[in-house]
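This report describes how the parts of one protein chain pack against each other.

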Amino acid sequence: PGFERARRTLEWLETWRQAHPGSPLPEAVRAFLDSAEAVRACPQEAELLRPLADGAAVIYVVDGAKPVSPEYEAEMEILRWTGRPRMGVINPIGAPRFEEDWREAMGPYFSTVRVFNPLEADFAKTLDLLGTFGGLVEAWRGPLEEAVRILREQRARQHRRCARILALLIADALSLKVARRLGEGDDPKALRPALAAELRDALRDREARAHREVEEVFGHLRLEREEGAPSVGDEDLFSETVARAFGLRRSQLATVGAVTGGGVGLALDVTTGGLAAGIPTLIGTAAGGVAGFLGADRLGDMRILGRKAGTRTLEMGLGNPNLAFVLLGRGLAHHAAVALRSHARRDRLVLEQAAAAGRTGDLAPADRTQLARWFRDLRAGEARAVQATEALTSWLVDRFLGLDMT
């Protein structure tokens with residue numbers, strides 16, 4: 001409850017004190033609550049003061065965009081009369097034009113004055129404010145420290161779940177194939193556009209579903225996204241804009257492609273029954289760098305994986321080495337935007353504000369190379385893919401936990 005007739009209540013308290021000189025201020029508050037006439041005249045104030053008379057503490061929140069007025073000074077003076085521990089919180093709703101005025105005005109009435117914007121406060125600031133609450137009343141300290149511990153554990157579980165969601169998305173994307181049965185006289189090249197469109201749609205759907213799961217993990221349901229944020233989330237997954245924002249640069253792709261390109265050659269050895277005597281492996285190492293260099297911006301490029309013997313089935317999977325990095329980058333940016341978003345906000349989610357978190361080109365060279373190796377293993381046999389998924393999940397957990405420490 002808030003105040004309704006603060007000045008009238010303060011006048012009653014001052015009148016009572018004049019009639020009882022030397023009495024402690026809290027006794028005036030108790031007398032006010034014991035007066036049926038005062039309670040009838042100021043029921044909202046009685047509702048507010050009763051728990052304080054019974055031992056509660058005060059957290060007084062003001063709007064930093066509004067000027068200080070005599071009405072607020074009357075409210076703060078009444079709270080001072082209670083003698084209870086008091087903390088002032090300035091909430092800068094809109095433009096905090098009067099923040100310093102409030103600091104000065106609240107100083108004499110409260111032992112602690114803090115600025116806290118619930119629309120912008122991240123997880124760390126929220127925990128810091130809870131710790132400050134613990135300093136108001138000694139009996140609060142233990143329970144609030146326990147609350148902070150529980151919230152940290154919950155937060156870590158949320159990050160781990162999101163890391164798993166993103167790792168599985170990338171693993172799914174890299175192993176995803178679409179197939180089409182070939183009839184007599186069918187030209188495989190003619191089927192390529194339809195298969196490519198089907199594969200792109202499947203990947204878009206999987207990415208959107210993974211992002212929704214991340215939002216649900218953090219309790220953000222039915223979030224609306226801000227339009228016109230192509231650098232992060234609203235432009236198509238396969239656009240060149242997205243490739244430049246979240247994928248590796250050409251030179252970086254060439255470097256990781258040269259390191260991991262042997263994996264392509266090994267796959268070719270298997271499909272040819274080993275008849276090439278290991279030559280494709282050697283070719284793959286050199287070609288990997290070339291493919292990485294040429295594929296920097298063409299996320300729509302797909303490769304034909306082959307025909308199944310006897311069934312004339314055409315399969316298509318991902319052929320661009322940059323797509324996994326783009327999915328990773330968009331996932332990192334989306335996770336940062338959602339994890340750092342306050343539940344007090346009701347506006348649309350603007351993903352581009354977290355774009356920096358998803359620039360895979362800014363990763364350390366060792367990280368990029370290791371990621372490329374994991375991406376290669378995700379295309380390999382089941383055992384290697386499981387190990388790579390677990391390793392990628394652990395890497396993501398470390399990055400996500402770091403969000404709350406910056």
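## Cores and helix packing

The largest nonpolar core has 62 residues, and those with the most contacts inside it are Ile 170, Leu 203, Leu 328, Leu 371, Phe 375, Leu 392 and Leu 396. A nonpolar core here is a set of buried Ala, Val, Leu, Ile, Met, Phe, Trp, Tyr and Cys residues joined through side-chain atoms within 4.5 Å. Buried means under 20% relative accessible area, exposed means over 50%, and partly exposed lies in between (1.4 Å probe, protein chains only). At least two residues of this core come from each of α8 (138–175), α9 (188–217), α10 (240–246), α11 (250–260), β6 (313–318), α14, α15 and α16 (382–402). Helix α14 supplies the largest share, 12 residues. Another core, of 33 residues, lies apart from it and has Trp 16, Val 29, Leu 33 and Val 62 among its members.

This is a predicted model: local features need pLDDT of at least 70, side-chain atom pairs count only at pLDDT 80 or more, and totals for chains, interfaces and linings use all residues. Residues are numbered from 1 along each chain as its sequence is written, and side-chain values use heavy atoms, with hydrogens and water left out.

The protein has 16 helices and 6 strands. Helices (H or I, at least four residues) and strands (E, at least two) are DSSP runs, numbered from the N terminus. Of the 406 residues, 45% count as buried. Among contacts with a separation of 6 or more, 73% join residues 24 or more positions apart; contact means heavy atoms within 4.5 Å.

Two packed helices are described by the angle between their axes and the distance between the axes. Axes are lines fitted to C-alpha atoms, for helices over the stretch in contact, and angles run from 0 to 180 degrees between N-to-C directions. Angles under 35 degrees count as roughly parallel, over 145 as roughly antiparallel, 65 to 115 as roughly perpendicular and the rest as oblique.

| Helix pair | Angle between axes | Distance between axes |
|---|---|---|
| α14 (323–339) and α15 (365–378) | about 115° | 10 Å |
| α8 and α14 | roughly 155° | within 10 Å |
| α2 (25–34) and α5 (70–82) | roughly 105° | within 6 Å |

Helices α14 and α15 are therefore roughly perpendicular to each other, and α14 passes α15 in a right-handed crossing. A crossing is left-handed if the near helix is turned anticlockwise from the far one by less than a right angle, and right-handed if clockwise. On the α14 side, Ala 324, Phe 325 and Leu 328 meet Arg 368, Leu 371, Ala 372 and Phe 375 of α15. By class, this contact of α14 with α15 has 6 nonpolar, no polar and 1 charged residues. Ala, Val, Leu, Ile, Met, Phe, Trp, Tyr, Cys and Pro count as nonpolar, Asp, Glu, Lys and Arg as charged, and the others, Gly among them, as polar.

The axes of α8 and α14 cross at roughly 155°, which makes α8 roughly antiparallel to α14. This crossing of α14 by α8 is right-handed. Residues Arg 155, His 159, Cys 162, Leu 166, Leu 169, Ile 170, Ala 173 and Leu 174 of α8 meet Ala 324, Leu 327, Leu 328, Gly 331, Leu 332, His 335 and Ala 339 of α14. The contact of α8 with α14 divides into 11 nonpolar, 3 polar and 1 charged residues.

For α2 and α5, the axes cross at roughly 105°, which makes the two helices roughly perpendicular. Leu 25, Pro 26, Ala 28 and Val 29 of α2 make the contact with Arg 80, Trp 81 and Thr 82 of α5.

Arg 155 of helix α8 is buried, with a relative accessible area of 7%. Leaving aside neighbours within four places in sequence, Arg 155 is in contact with Phe 123, Phe 218, Ala 339, Leu 340 and Asp 404. Leu 314, in strand β6, is also buried, at 1%; its C-alpha atom is separated by 9.1 Å from that of Leu 195, 119 residues apart along the chain. Asp 128, in helix α7 (residues 123–134), is partly exposed, at 42%.
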